[in-house]
Amino acid sequence: MSSHSQFALLKQRRFLPYFAVQALGAFNDNVYRQAIIGLLGYMTVSADDKSLYAMLAPAIFILPYFLFSSIAGQFAEKLEKSRLIRITTAMEIAIMSLAAVGFLTQNMTVLLVALFCTGVQSTLFGPVKYSILPSVLKPEELTGGNGLVEMGTSIAILVGMISGGMIFVLAGTHGPVVAAIAIILLAIAGNLLSRLIPKVDAGAPDLKINWNPIPESIAIWRLTRKQPAVRNAVLGVSWFWFFGTMLTSQLPAYAELHLGALPQDTTIYIFGLALFSIGTGIGSLLCEKLSARTVEIGLVPMGALGMSAFLLDLYFARSGLPPLRGLTFDSFLSAPGSTRIVIDLVGIGLFAGFFVVPLFALIQSRTPREEMSRVIAGMNIQNALFIVAAAGIGIFLQRVLGWTIPQLFLALAIANAVVAIYIFTIVPEFLMRFLSWVLVRGLYKLRLHGIEKNVPDEGAALLVCNHVSYMDALILSASVPRPVRFVMYYKIFNIPVMSWIFRTAKAIPIAGARENPELMQRAFDEIDAALADGQLVGIFPEGALTRDGEIAPFKSGVEKALQRASENERPVPVVPMALKGMWTSMWSHRDGRMARMRVPRRFRAHVEVVAGETIDGKSATAEQLEARVRELRGSDA
């Protein structure tokens, strides 16, 4: 496996200042919101007024996403991105200064106006927060970078809530002053850090701003639906927000009614929220390791299934009243069944990280740069709709139908599984990648060499590799960050089960001229069309699996594909690649028929994937490519 780590990004200026700014912004937002709750307690307002704020605050904060996301997406597309971040952090200073006046005068109207303005600032920052990543990160860094961002956001929200809630507890009568100073200093720190972000060019500097939010909102929402994979990744992210809102909004009451927490004691609730947030952070970070630095959407089905499984177990762990009441934090941990609940909350968060991080990476990798910010803005509008729907459905199920919180969790677990199945059915690529991920990660231990350096981040290229086993295409697709259209012998293409995976991955079946000349011609037409479209195409020029572990002479078909591209004045580079260690693995022809494979010895075989420097496609010959692949493979068949 690659020795690179996502944490290396935290040492680089292209990522660290941006990461710090977005985490600090999330931290300050939650310090502010929790400090308002602390102020209400400090002012000894009635329970009805607290309840009114609890209902008003989320609505006030999320309203700007509906009103201004379309304009925010256009600004993020048109302006240089580091400049826009500096503008939004400067806005934060002004907004928090207004909020400070509200704290010092103990004026809730001012604080709620500032909360609305905070929502406006978050709306403007949202599109640039995720659209900047494809500009500063390489394709193989997208999953790791998004994992860091999600981890940072989760932890910042959690720590911000705790810190904001503790201000009035620790500062006492000085609480309003401390809250006012804290939020202003945090905003200033964010603005200073934003000045360290390097320049990032605008995606569409000539874009004309449409100030009418209604038609523009419809237009950017349509942008999210242009590609089926992106459309359903956006749907998946919105569902993640629905799921998270439904779950976390129930935790305060769940802690008291079903975990036995003392009334007005928030420690068990905060602990439950911390478990979910920490789990999400860990899952987000693990995505890079599990995906081998590719945009591995195969993790999404696993994440969805894990979320449902642990939430279902949470229902069975505590579906009724708690065995003990009046528990403190310490007594809860020692109470019967608490360990299972702790594991379930961490597990839900862990698999939620597996679910959402690859979706963000997919959106970023498949969306044109000049549309990225508007697609993110369209996603934010849809996210806001799902958040509001989660709140409304939760209130309806509990207040009208009389459901308990565990019953709501059970329904959410089932709904999550249904939504996941729906998404994976209409876009089979998700399930295909999951099956190929399970097969490759379960059967082999991969080590990658030269992939990041030599496989181009964008544009057309032809990958040529030796052919050892029926799993070669899946292994290469798991190793290369970008989608690859593989050309494969039609009999391998038609293997049961594997055929579904190959078809979903848009592999190109081919036959020999004597077997099926029509299929062969159609294959070369598809190869040429894919290269003309700027895609990666993978070819095994030997034409068949090796029978003895040695590389067979490369056939002239590879020259034909390159010649056709050159004749159309769009020559493509060739990336020679080699599989090492596959001859001793499962599904090669070693030991005769596959039925005689030695499973114990060949299971989890160590396999290396090596990519060499690109070769000019204009002059490349089959003999030259064969010699280069032989050199890359060496003696490790």
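Here is the tour, starting with the ground rules.

This is a predicted model, where local features need pLDDT of at least 70, side-chain atom pairs count only at pLDDT 80 or more, and totals for chains, interfaces and linings use all residues. Residues are numbered from 1 along each chain as its sequence is written, and side-chain values use heavy atoms, with hydrogens and water left out.

**Stop one: the cores.** Select F15, L133, L311, F355 and F430: of the 96 residues in the largest nonpolar core, these touch the most other members. A nonpolar core here is a set of buried Ala, Val, Leu, Ile, Met, Phe, Trp, Tyr and Cys residues joined through side-chain atoms within 4.5 Å. Buried is under 20% relative accessible area, exposed is over 50%, and partly exposed is in between (1.4 Å probe, protein chains only). Now zoom in on F355. Ignoring neighbours within four places in sequence, F355 is in contact (heavy atoms within 4.5 Å) with G236, W239, F240, V300, G303, A304 and M307. There is also a second, separate core of 40 residues, with I451, M488, L579 and A611 among them.

**Stop two: the sheet.** Helices (H or I, at least four residues) and strands (E, at least two) are DSSP runs, numbered from the N terminus; two strands pair if DSSP finds at least two bridges between them. Show the open, seven-stranded sheet, and you can follow β1-β7-β6-β2-β5-β3-β4 across it, with mixed pairing. Which strands stand at the edges? They are β1 (444–449) and β4 (508–510), and each has a single partner strand, so one side of each has no neighbour in the sheet. Next, pick β6 (574–580) and β7 (605–611), an antiparallel pair with four bridges. K580 has E608 in β7 as its bridge partner.

**Stop three: two helices.** Select α21 (517–532) and α22: they pack at about 50°, with axes 10 Å apart. Axes are lines fitted to C-alpha atoms, for helices over the stretch in contact, and angles run from 0 to 180 degrees between N-to-C directions. To see who makes the contact, show M520, Q521, F524, D525, I527 and D528 of α21 against G557, K560, A561, R564 and A565 of α22.

**Stop four: positive phi.** Most residues other than glycine have a negative phi. Q106, not a glycine, has a phi near 55°; look for Q106 in the loop between α3 (81–105) and α4 (108–131). Q106 is partly exposed, at 32% relative accessibility. Finish at E569, with a positive phi of about 60°, in the loop between α22 (557–567) and β6. E569 is exposed, at 73%.
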